[in-house]
Amino acid sequence: MFDLKPNSRPAKFTPDMLWDLMSFETLMTRQVIHLIYWAGLGITALVGFGFIGTAVGVAIREQSPFGFLLGMGVLVGGALVIGVLALLWRAFCELYVALFRLSDDIHALRRANDPELNAPSRD
């Protein structure tokens, strides 16, 4: 996502950047998606810890071997659910990133093909 080369520096803030953000020429969504992605993974990890706690609680509560087997089933099932949730969340976030990249590409194509946008200003 962040295409920083080892010796490159981030661009300095300019008034043009502010205008691009205020006029929606430049979208912040790609950076925000990273934060949303990591927050979603954190929630998924919390759900995973809940499954582990449930499995351990069931295994400790039941004195019979069936309780241990049930706890192991919940643990394995929970691990599978967490793996699937993490993959689905990643796919969901990648879909949003792809849609916004597509939007940027379409915007660039429109600017390249529109003669009014490419005409020099008459100041």
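Modeller: The buried residues of helix 2 are I33, Y37, G40, L41, T44, G48 and A55, where buried means under 20% relative accessible area, exposed over 50% and partly exposed in between, with a 1.4 Å probe and protein chains only. This is a predicted model, in which local features need pLDDT of at least 70 and side-chain atom pairs count only at pLDDT 80 or more, while totals for chains, interfaces and linings use all residues. Residues are numbered from 1 along each chain as its sequence is written, and side-chain values use heavy atoms, with hydrogens and water left out.

Biologist: What covers the buried residues of helix 2?

Modeller: The cover includes helix 3, residues 65–113.

Biologist: How is a pair of aromatic rings described?

Modeller: One gives the distance of the centres and the angle of the planes. Rings of Phe, Tyr and Trp (its six-membered ring) pair if their centres lie within 6.5 Å, and planes under 30 degrees apart count as stacked, over 60 as edge-to-face and the rest as tilted. The structure holds 3 such pairs. In one of them, Y37 and W38 have ring centres 5.4 Å apart and planes at 70°, so the pair is edge-to-face.

Biologist: Are Y37 and W38 buried or exposed?

Modeller: Y37 counts as buried at 14% relative accessibility, whereas W38, at 59%, counts as exposed.

Biologist: Which residues do ring pairs link into a cluster?

Modeller: The cluster consists of W89, F92 and Y96. F92 and Y96 both lie in helix 3, 4 residues apart, about one turn of the helix.

Conventions
Helix = DSSP H or I, 4+ residues; strand = E, 2+ residues; numbered from the N terminus. Contact = heavy atoms within 4.5 Å.
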